Amino acid sequence: MVGVDKLQELVLEAKEKSYSPYSKFRVGAVIVTKDGSVFQGANMENASYGATVCAERTAAVKALYAGQREFKTIAVVSDLDGPCSPCGICRQFLREFTPKEAKVYLFHNDKGVTESTMGDLLPMSFGPDELAENAKSKQ
């Protein structure tokens, strides 16, 4: 199990890998999977802006490529002194592989942490479990 202190260390390390020459807004993310594997990601900007990839999706794609499909814990940090929450696209992308009760840690750079859950970040979400429930109800 990865503790909060280790998560903070890993997410701050990930933030240092950010490629953000345009916004100067560095973000780091860490995903811990059901089996305890850890994947780090950082935001990667592009001159076209629309091709930018957020830190959370960078970490998620790395986990998915490694064959992981169940995310247990998510951590995010930016250069803000307060919490930096995943954007809407990232919330929906993460929800595909993250149960509503999964812990989400929003670090305040190196000055604290706000704890949440996937369900709190994306209330009334639509994910794989809703599709499975819908399919069962039609049988």
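Analyst: A helix here is a DSSP run of H or I with at least four residues, numbered from the N terminus. The model is predicted. Just after helix H2 comes Gly 67, whose phi is positive at about 95°.

User: How do you know that the span of H1 is close to the expected one?

Analyst: The expected span is 1.5 Å times one less than the number of residues. H1 (residues 4–15) has twelve residues, for which 16 Å is expected, and it reaches 16 Å from its first C-alpha to its last.

User: Which residues of H1 are buried, and what do they pack against?

Analyst: Leu 7, Gln 8, Leu 10, Val 11, Ala 14 and Lys 15 are the buried residues of H1. They pack against four strands: E1 (27–33), E2 (38–42), E3 (71–78) and E4 (103–107).

User: Why is Leu 7 called buried?

Analyst: Its relative accessible area is 1%, and the limit is under 20%, so Leu 7 is buried. Leaving aside residues up to four places away in sequence, Leu 7 touches Val 2, Val 30, Val 32, Thr 73, Ala 75, Tyr 105 and Phe 107. Thr 58 is 51 residues from Leu 7 in sequence, and the two C-alpha atoms are 17 Å apart.

User: Why does Gln 8 get the label buried?

Analyst: Gln 8 has 19% relative accessibility, which is under 20%, so it counts as buried. With residues up to four places away in sequence set aside, the residues touching Gln 8 are Phe 107, Asn 109, Asp 110 and Lys 111. Gln 8 and His 108 are 100 residues apart in sequence, with 9.6 Å from C-alpha to C-alpha.

User: How do you know that E3 and E4 are paired?

Analyst: Pairing needs at least two bridges between the strands. E3 and E4 have five and run parallel, so they count as paired. In this pairing Ile 74 stands opposite Val 104 in E4.

User: What joins E4 to E5, and in which sense do they pair?

Analyst: E4 and strand E5 (residues 113–117) share five bridges in the antiparallel sense. Lys 103 stands opposite Thr 117 in E5. The two strands form a hairpin with five residues between them, and Asn 109 in the turn has a positive phi of about 55°.

User: Why is E4 called largely enclosed?

Analyst: Four of its five residues are buried, so E4 is largely enclosed by the rest of the structure.

User: Why is Glu 101 called exposed?

Analyst: Its relative accessible area is 60%, over the 50% limit, so Glu 101 is exposed. Glu 101 sits in the loop between H3 and E4. From Val 4 it is 97 residues away in sequence and 17 Å away in space, C-alpha to C-alpha.

User: How is the lining of the largest pocket divided by residue type?

Analyst: The lining has five nonpolar, one polar and six charged residues. Among the lining residues are Lys 34, Glu 70, Phe 71, Arg 95, Phe 97, Thr 98 and Asp 129. Lys, Glu, Arg and Asp count as charged and Phe as nonpolar, while Thr falls among the others, so Thr 98 is polar. E3 and helix H5 (128–137) each supply at least two residues of this lining. The volume of the pocket is about 160 Å³.

Technical notes:
Residues numbered from 1 in each chain as written. Predicted model: local features only at pLDDT ≥ 70, side-chain atom pairs only at ≥ 80, totals over all residues. Heavy atoms only, no water. Buried < 20%, exposed > 50% of the residue type's maximum accessible area, 1.4 Å probe, protein only. Contact = heavy atoms within 4.5 Å. 1 Å grid on protein atoms, 1.4 Å probe; cavity = no way out; pocket = protein on both sides within 12 Å on 5 of 7 lines; lining within 4 Å. Points joined across faces, edges and corners; volume = space filled by probe spheres on them.
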